[in-house]
Amino acid sequence: GDEVGMEGYRDPFCRKPFPWHNIDAELLETYRTLGKIRSSEKLLRDAYFEIVELSPEVFAFIRRPEDGIGHSLLAVINNTDSELEYVFDGTGEDYDGNCYDGTVMLPPRGWVYLKV
């Protein structure tokens with residue numbers, strides 16, 4: 001139920017029925033997108049992991065192929081209620097085909113995966 005916004009609680013509230021008529025559609029679509037990316041991107045399953053930035057505002061990590069061949073994957077999460085500019089080295093492309101040259105704007109509480 002996490003994918004539609006259900007929260008877990010202690011007994012007896014941890015066994016609530018699935019909210020078929022009260023689904024958070026935006027959250028569900030985010031989980032679907034993340035699932036598609038994970039299924040199609042081997043780097044999310046088997047690669048070198050490095051935290052690039054960790055602060056109350058931003059969490060960023062990069063996944064690199066262990067053999068060093070091919071693209072890497074940069075994930076950036078904005079943990080603020082404001083739009084955030086994130087600067088990174090080089091260029092990147094998101095999964096919608098948008099290209100970025102060292103800077104990406106993240107919406108409030110937003111995220112991006114970039115092939116770098």
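**Figure 1. Glu50 and Arg64 are joined by a salt bridge.** At 31% relative accessibility, Glu50 counts as partly exposed; in this scheme buried means under 20% relative accessible area, exposed over 50%, and partly exposed in between, with a 1.4 Å probe and protein chains only. Arg64 is likewise partly exposed, with a relative accessible area of 32%. The closest N and O atoms of Glu50 and Arg64 are 2.6 Å apart, where a salt bridge requires a side-chain nitrogen of Lys or Arg within 4 Å of a carboxyl oxygen of Asp or Glu. Because Glu50 lies in strand 1 and Arg64 in strand 2, the pair ties together parts that are 14 residues apart in sequence. Helices (H or I, at least four residues) and strands (E, at least two) are DSSP runs, numbered from the N terminus. The model is predicted: local features need pLDDT of at least 70 and side-chain atom pairs count only at pLDDT 80 or more, while totals for chains, interfaces and linings use all residues. Residues are numbered from 1 along each chain as its sequence is written, and side-chain values use heavy atoms, with hydrogens and water left out.

**Figure 2. A salt bridge connects the side chains of Asp81 and Arg109.** The N to O distance in this pair is 3.0 Å. Asp81 belongs to the loop between strand 3 (73–78) and strand 4 (84–87), whereas Arg109 belongs to the loop between strand 7 (103–106) and strand 8 (111–115); the two are 28 residues apart. Asp81 counts as exposed because its relative accessibility is 61%, and Arg109 counts as partly exposed at 47%. The structure holds two salt bridges.

**Figure 3. Phe49, Phe59 and Phe61 form one aromatic cluster.** A pair of aromatic rings is described by the distance of the centres and the angle of the planes. Rings of Phe, Tyr and Trp (its six-membered ring) pair if their centres lie within 6.5 Å; planes under 30 degrees apart count as stacked, over 60 as edge-to-face and the rest as tilted. The structure holds three aromatic pairs. One of them, Phe49 with Phe61, is tilted, with 5.2 Å from centre to centre and 40° between the planes. This pair links distant parts of the chain, as Phe49 is in strand 1 and Phe61 in strand 2 (residues 58–64), twelve residues apart. Phe59 and Phe61 also form a tilted pair, at 5.6 Å centre to centre and 40° between the planes.

**Figure 4. Glu41 is buried yet has no salt bridge.** Glu41 is placed in the loop between helix 1 and strand 1 (48–54). The nearest side chain of opposite charge is that of Lys115, 4.6 Å away; Lys and Arg count as positive and Asp and Glu as negative, and His and the chain ends are not counted. Apart from neighbours within four places in sequence, Glu41 is in contact (heavy atoms within 4.5 Å) with His71, Leu73, Tyr95 and Lys115.

**Figure 5. Glu7 lies in the segment before helix 1 (25–40).** Glu7 counts as exposed because its relative accessibility is 53%. From C-alpha to C-alpha, Glu7 and Asp81 are 21 Å apart in space, and they are 74 residues apart in sequence.
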